[in-house]
Amino acid sequence: MNKKHASSEIIDRFLRLVNKYNALGKHPVTFGTQHKFYHSERHMLDIVGDCPGLNITEFAKAAGVTKGAISQVVAKLEKKGALKRYKNDENDKEIRIKLTPLGEKIYAHHQGVNAESIHHLWRELKNHPDDKIEFLLHMFKWFEEYFDGSRERMRAHQ
């Protein structure tokens, strides 16, 4: 196997996959409200629903984006009525985030969608040995670390 050629093909396929995933974000859902909720926003609601009471820093870390990006998303979702900011009882300078009843409704719906997606993946993974699945997980971790490093290298060149 030509590993240089395979590396190029892996990157090409990965980027196509990212583009296809990002295309999902162009199809908002209203959930019977006046506001449209995009895929990325629903994903952010998933994080808050999975880890209630996050502060901005924790939210950014869980989402893998900057605190500034999270602040913008929180403002949008708060305006749409899906999130609420509140002060931490122990430290009134620290702002935490929680789902509103609308946010909980969207979270519950999206959990069903996610479960269906995972079911399809699980059925496919059943066809492969554990060592191949472990390798796939290893590669996704490698990609994440590589892109984290790339972001740092880009900042260094600014």
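Mentor: Arg 96 is the residue to look at, and Arg 96 counts as buried because its relative accessible area is 17% (buried is under 20%, exposed over 50%, partly exposed in between, with a 1.4 Å probe and protein chains only). This is a predicted model, in which local features need pLDDT of at least 70, side-chain atom pairs need 80 or more, and totals for chains, interfaces and linings use all residues. Residues are numbered from 1 along each chain as its sequence is written, and side-chain values use heavy atoms, without hydrogens or water.

Arg 96 sits in strand S3, which covers residues 95-99 (strands are DSSP runs of E with at least two residues, helices are runs of H or I with at least four, and both are numbered from the N terminus). Strand S3 has a partner on the S2 side: S2, residues 83-87, pairs with S3 in the antiparallel sense over 5 bridges (pairing needs at least two DSSP bridges). Within that pairing, Tyr 86 has Arg 96 as its bridge partner. Strand S1, residues 54-55, also runs antiparallel to S3 and is joined to S3 by 2 bridges. There, Asn 55 is the residue that stands opposite Arg 96.

Now the side chain. A polar atom of the Arg 96 side chain lies 2.4 Å from the backbone oxygen of Gly 53. The Arg 96 side chain also makes a polar contact with the side chain of Glu 58, at 3.2 Å (N or O atoms within 3.5 Å, one able to donate a hydrogen and the other to accept it, with sequence neighbours counting only through two side-chain atoms). With Glu 94, the Arg 96 side chain forms a salt bridge at 3.0 Å, N to O (a Lys or Arg side-chain nitrogen within 4 Å of an Asp or Glu carboxyl oxygen). Glu 94 is buried, as Arg 96 is. If neighbours within four places in sequence are set aside, the residues in contact with Arg 96 are Gly 53, Leu 54, Asn 55, Glu 58, Lys 84, Arg 85, Tyr 86 and Asn 88 (heavy atoms within 4.5 Å).

The count of salt bridges comes to 6. One of them joins Arg 13 to Glu 9, with the closest N and O atoms 2.9 Å apart. Arg 13 and Glu 9 both belong to helix H1, residues 3-24, and lie 4 residues apart, about one turn. Arg 13 is exposed at 51%, and Glu 9 is partly exposed at 34%. Another salt bridge links Glu 145 and Lys 141, at 3.9 Å between the closest N and O atoms. Salt bridges with shared partners also join Glu 58, Glu 94 and Arg 96 into one network.

As for the whole chain, there are 6 helices and 3 strands. Their order from the N terminus is α-α-β-α-α-β-β-α-α. The C-alpha trace spans about 55 × 40 × 30 Å along its principal axes. Of the 158 residues, 25% count as buried. Among contacts between residues at least 6 apart in sequence, 46% join residues at least 24 apart.
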